[in-house]
Amino acid sequence: MDLKRDHTLRVCENILDIGRSLGLCAIDLHLAETIALLHDIGRFEQYRRYKTFLDHQPEDHAALGITIIHNQKLLSAFDPETAEIILHAVKYHNRFALPKETNRRPCFS
Ligand SMILES: [Fe+2]
């Protein structure tokens, strides 16, 4: 659990560094940090249930994360469009490629 907590915190730091280097505005940096914070939330439940961090075994930790985000109503403070972007990023963060119909919105920067 400590490994995954530390990983998540490093991803939060790194995504902010990357976002700043790209010139993202505060709104987009906040969105990126939220995605980083939640991207591996399924790992904690995966380990609690199965005692493993193996990818996609016995289930996809990204999909598990989506279930947790929904069940815990973690995005209730976000507008629906922003919540959908966060869910999409979490769902596909561990995929080799994004689906062609990936949702895009203009950058606020
Ligand atoms: Fe992950």
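Contact, as used in this report, means heavy atoms within 4.5 Å.

## Basis of the model

This is a predicted model, in which local features need pLDDT of at least 70 and side-chain atom pairs count only at pLDDT 80 or more, while totals for chains, interfaces and linings use all residues. Residues are numbered from 1 along each chain as its sequence is written, and side-chain values use heavy atoms, with hydrogens and water left out.

Helices are DSSP runs of H or I with at least four residues, and strands are runs of E with at least two, numbered from the N terminus. Buried means under 20% relative accessible area, exposed means over 50%, and partly exposed lies in between, with a 1.4 Å probe and protein chains only.

## The iron site

The iron ion has three residues as protein donors: D40 through OD, H61 through NE2 and H93 through NE2, at 1.9 to 2.2 Å from the ion. Donors are N, O and S atoms within 2.8 Å of the metal (3.2 Å for Na, K and Ca); water is not among the atoms, so sites may look incomplete. The spacing of the donor residues in sequence is D-x20-H-x31-H. D40 lies in the loop between α2 (26-38) and α3 (41-50), and H93 in the segment after α5 (80-92), so this pair ties together parts that are 53 residues apart in sequence.

D40 counts as buried, at 5% relative accessibility. H93 counts as partly exposed, at 29%.

## Helix α3

Leaving aside neighbours within four places in sequence, G42 is in contact with H61, L64, G65 and I68. The C-alpha atoms of G42 and I69 are separated by 8.9 Å, although these residues are 27 residues apart along the chain.

R43 is also found in helix α3 and is buried, with a relative accessible area of 7%. Its side chain is joined to that of Q46 by a polar contact of 3.0 Å. A polar contact is a pair of N or O atoms within 3.5 Å; within protein, one must be able to donate a hydrogen and the other to accept it, and residues adjacent in sequence count only if both atoms are side-chain atoms.

## Helix α4

A62 is found in α4 and counts as buried, at 0% relative accessibility. Beyond residues up to four places away in sequence, A62 touches V90, K91, H93 and N94. The C-alpha atoms of A62 and Y92, 30 residues apart along the chain, are separated by 7.0 Å.

The buried residues of α4 are H61, A62, L64, G65, I66, I68 and I69. They pack against α2, α3 and α5. After α4 comes K73, whose phi is positive, near 55°.

The 13 residues of α2 should span 18 Å at 1.5 Å a residue, and the end C-alpha atoms are 18 Å apart, which agrees. The expected span is 1.5 Å times one less than the number of residues in the helix. Buried residues of α2 are D28, L29, L31, A32, T34, I35, A36 and L38. Their cover includes α1 (2-21), α3, α4 (61-71) and α5.

A nonpolar core is a set of buried Ala, Val, Leu, Ile, Met, Phe, Trp, Tyr and Cys residues joined through side-chain atoms within 4.5 Å. The largest one has 14 residues, and those with the most contacts inside it are L38, I69, L75, I86 and V90. The elements giving two or more residues to this core are α2, α4 and α5, and α5 gives the most, with five residues. Not counting residues up to four places away in sequence, L75 touches L38, I69, A83, I86 and L87.

## Cysteines

A disulfide is a pair of cysteine sulfur atoms within 2.5 Å, and by this rule the count is zero. C12 is in no disulfide, and the nearest cysteine sulfur, that of C25, is 18 Å away. C12 is buried, with a relative accessible area of 7%, and C25 counts as buried at 19%.
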